[in-house]
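This report is for a reader who has not seen the structure before. Please look over the sequence and the model, then read on.

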There are 2 protein chains.
Amino acid sequence: MSNEKKIPYKIYLEENEMPKQWYNVRADMKKKPAPLLNPATGKPCTAEELSHVFCDELVAQELNETDAYIDIPQEIQDFYKMFRPSPLVRAYCLEEKLRTPAKIYYKFEGNNTSGSHKLNSAIAQAYYAKKQGLKGVTTETGAGQWGTALSMACSYFDLDCHVYMVKCSYEQKPFRREVIRTYGANITPSPSDTTEVGRKILAEFPNSNGSLGCAISEAVEAASSKEGYRYVLGSVLSQVLLHQTVIGLETKTALDKYGIKPDIIIGCAGGGSNLGGLISPFMGEKLRGEADYRFIAVEPASCPSLTRGVYAYDYCDTGKVCPLQKMYTLGSGFMPSANHAGGLRYHGMSSILSELYDQGLMEARSVEQTAVFEAAEIFARIEGILPAPESSHAIRAAIDEALKCKETGEEKTIVFGLTGTGYFDMYAYAAYNDGKMQDYIPTDEELQKSIAKLPKID
Amino acid sequence: MSNEKKIPYKIYLEENEMPKQWYNVRADMKKKPAPLLNPATGKPCTAEELSHVFCDELVAQELNETDAYIDIPQEIQDFYKMFRPSPLVRAYCLEEKLRTPAKIYYKFEGNNTSGSHKLNSAIAQAYYAKKQGLKGVTTETGAGQWGTALSMACSYFDLDCHVYMVKCSYEQKPFRREVIRTYGANITPSPSDTTEVGRKILAEFPNSNGSLGCAISEAVEAASSKEGYRYVLGSVLSQVLLHQTVIGLETKTALDKYGIKPDIIIGCAGGGSNLGGLISPFMGEKLRGEADYRFIAVEPASCPSLTRGVYAYDYCDTGKVCPLQKMYTLGSGFMPSANHAGGLRYHGMSSILSELYDQGLMEARSVEQTAVFEAAEIFARIEGILPAPESSHAIRAAIDEALKCKETGEEKTIVFGLTGTGYFDMYAYAAYNDGKMQDYIPTDEELQKSIAKLPKID
């Protein structure tokens, strides 16, 4: 490789260049996302209603569609300094391996013990809970990144933390569980007999492996049944996307420093928090007519909410206790096949991203998991980072776009979000290494069946 | 915390500030480490003899006692840029938690997939093997960090890699094994029936859990029985300490930028590569009379080579096929108790560090593992990084020194090496979380027994 590169392998911002405000993309959207609805009344949720479930300040953020910038409290900025800024990496080695004229960058969020971007929102949510004088918070976790992040954040602010972990993950990922315990959190496999909704599910399906939707219902019930507790969530909600804009804001500052203008910005999408956080500042420019970019959401073919779902109001959880949200959804009863590895298994999508996608401002594609792990292995070997299965969806799409550039000779600049590391996903890598990994694409009939159970909302 | 800190939480060097040469501390030592001896002849090993086991360029580095600086080849510098510079972190949160006037810094080497500093030397050794036109390399790994690092380095240079992994680790750390496989290396639990020495050990001890010394013997035999292969080692040797000086050189540059002069530099010590790499540039100043520092080597009480061993020639491996080295040693037959977690389980110590310690230029202390995990948990919760058990030995000593400063009111500056992360050590954390971790200190009789078997060398 040449020694005359003007752009370093890794661009790190200085501490004083880190964002002091989050960016709220809704302020620049002419047509806003549809409001959350109260499942009991069918009417938009009021702040008062939401405050029974969520912390007050987070409710305010959830409902705020007008302020483009929201100050990041100093305590959160200080915590961010422990693990941020995250590097924006020029993937010189990957470019060389692919022999592509494309220029590839990735924003790497995995350099912290939660192993992902989830800590960006966890610390904000824990901070507001502490500030409100709460005793603790409850949450669910699927693959475990969010549970780890929240346990770290709560430990820092000395808050009680109770995590409901999807049972199959709890059993398959004993090390994730142990990290969460090391941070002092309580952890319960879901469904459990500690909640009414859990007992109900267990009565009907005694061998249930659990699901994200079910764990959410348990965590919400646990929060509302204890004095001084609230429920917090790691993705999907607009408040979470807001906190995650530190990813996009840092990325934009780093690119601007070197005069780089991306053509394509790519992120994996489950509930949408990482993708939303990464693209928001760039989307803002697009919405204001200041610049144009292609945005690509990459989702698993086994859980294709954007590419094969419908845009409609749906339940956010199995127990139907959460507000209804208008989103691209596969139906709250949808569960990806058991052979689906890693996260990105939520049946719906952030309402902000759903609306942007519906307006044609963002593209979406789905990829199959063997192709994803093939990309993961190439990336691990050549860039030296073993990626999370979730993040590898973005890698797959970035490689595919770079290979298109190779065909056309275009020198496009591609930026993708590398949300985390795969150190706790080695069962999935083992399946891939052993040639035992399978793809799974739900049939139209399956999807129609779960979509048919959407609530009827005018 | 105040917002007026002049020193950032994390000091990152610019790419152009990264070291272009390694520092060879032997050049500044008046009394050099004793030479390696050929076990057959009892005479100093020649370059020709060593070249049957090691790559030529690495042999030259092993024997080089005169050049203070050795150029880092451009290809290695390029690879370093993928995961280095590593941050020098000001432990503001830990200082606050301890309420100490001490200023604590740590150099964090865990932000790469090998999870430790081991990659610094792995990439150098793989590079020289490739440059020599070899087909592949063999090695042993205990806790698994070195095996992971070498598999990453070999994958990058498209070299075959065969790792003998101590059997108990192979079984207890399936995820480490899977990472190594993902990087395309072959991995064999040791003792195995693939080598003569392995078969001999299995015949005598059919249920052997393996040891580092035994895995070394197998890897050396495997290398010498295959055309185009050499053996590489992740610690102990002077060449490895040389490569690891990137840690100390970066640390010194970062400190110098902010005008910080450390009082105490602390590192964990197993074979000595991390500690040697961290302290070398500072030790050079001390040897040249330019500055003074306290250096503290921290080792496990269950494997106390510096604090309870003898300074003598000893075998480096169980099979007695490697050169003899003069070092602080517990005898090559010594094995730490099975309840010892993580690495730092080698019976001897780097010859450079042994000589420096013998000259009184460095201190050593041993710590028990429950105290180590207590420090690890404090650190994880307050600094947000879940440390490796090995690294946590240094954390323990740093906390103890900071608490002494609290008593005396001294504002000492403490720098320690945080060699890696504990993501693959969660069994050990689980034992600690469950209150099942035990301490183990070998008795004098045990040590005398293994030390009595040292070879007789004039």
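Buried area is the accessible area, taken with a 1.4 Å probe, that two parts lose on being put together, summed over both. Phe175(A), Thr182(A) and Tyr423(A) supply 16% of the area that chain A buries against chain B, more than any other three residues.

## Confidence in the model

The model is predicted. For the complex, the predictor gives an ipTM of 0.93 and a pTM of 0.95. The average pLDDT of chain A is 95, and 99% of the residues score at least 70. Where pLDDT is low, the predicted coordinates should not be read in detail.

## How the copies are related

Two copies of a chain are related by a rotation about an axis and a shift along it. Here, chain A is superposed on chain B by a rotation of 180 degrees with 0.0 Å of shift along the axis, and the RMSD is 0.0 Å. The two copies are thus related as by a two-fold rotation axis.

Which residue of chain A comes closest to the rotation axis? It is Asn111(A), whose C-alpha lies at 3.0 Å from the axis.

## The interface

Contact between the chains involves 45 residues of chain A and 45 residues of chain B. Of the interface residues of chain A, 100% are also interface residues in chain B, so the copies meet through the same surface.

Between chain A and chain B there are 21 residue pairs in polar contact, counting pairs with both residues at pLDDT 80 or more. On chain A, the side that touches chain B draws at least two residues from each of helix 3 (74-83), helix 6 (145-157), helix 8 (174-182), helix 15 (369-383) and helix 17 (426-433). The residues of this side of chain A comprise 23 nonpolar, ten polar and twelve charged.

How many salt bridges are counted between chain A and chain B? The count is two. A salt bridge joins the side chain of Arg181(A) to that of Asp434(B), with an N to O distance of 2.7 Å.

## Backbone details

A cis peptide bond runs from Ser190(A) to Pro191(A), with omega near 5 degrees. Pro191(A) sits in the loop between strand 8 (186-190) and helix 9 (196-204) of chain A. In chain B, the peptide bond joining Ser190(B) and Pro191(B) is cis, with omega about 5 degrees. The loop between strand 8 (186-190) and helix 9 (196-204) of chain B holds Pro191(B).

Arg99(A), a residue other than glycine, has a positive phi, near 50 degrees. Its place is the loop between helix 4 (92-98) and strand 5 (103-108) of chain A.

Key. Residues numbered from 1 in each chain as written. Chains lettered and ligands numbered in written order. Heavy atoms only, no water. Contact = heavy atoms within 4.5 Å. Salt bridge = Lys/Arg side-chain N within 4 Å of Asp/Glu carboxyl O. Polar contact = N/O pair within 3.5 Å; in protein donor to acceptor, adjacent residues only side chain to side chain. Helix = DSSP H or I, 4+ residues; strand = E, 2+ residues; numbered from the N terminus. Nonpolar A, V, L, I, M, F, W, Y, C, P; charged D, E, K, R; others polar. Least-squares fit on C-alpha atoms with pLDDT ≥ 70 in both. pLDDT = per-residue confidence, 0-100.
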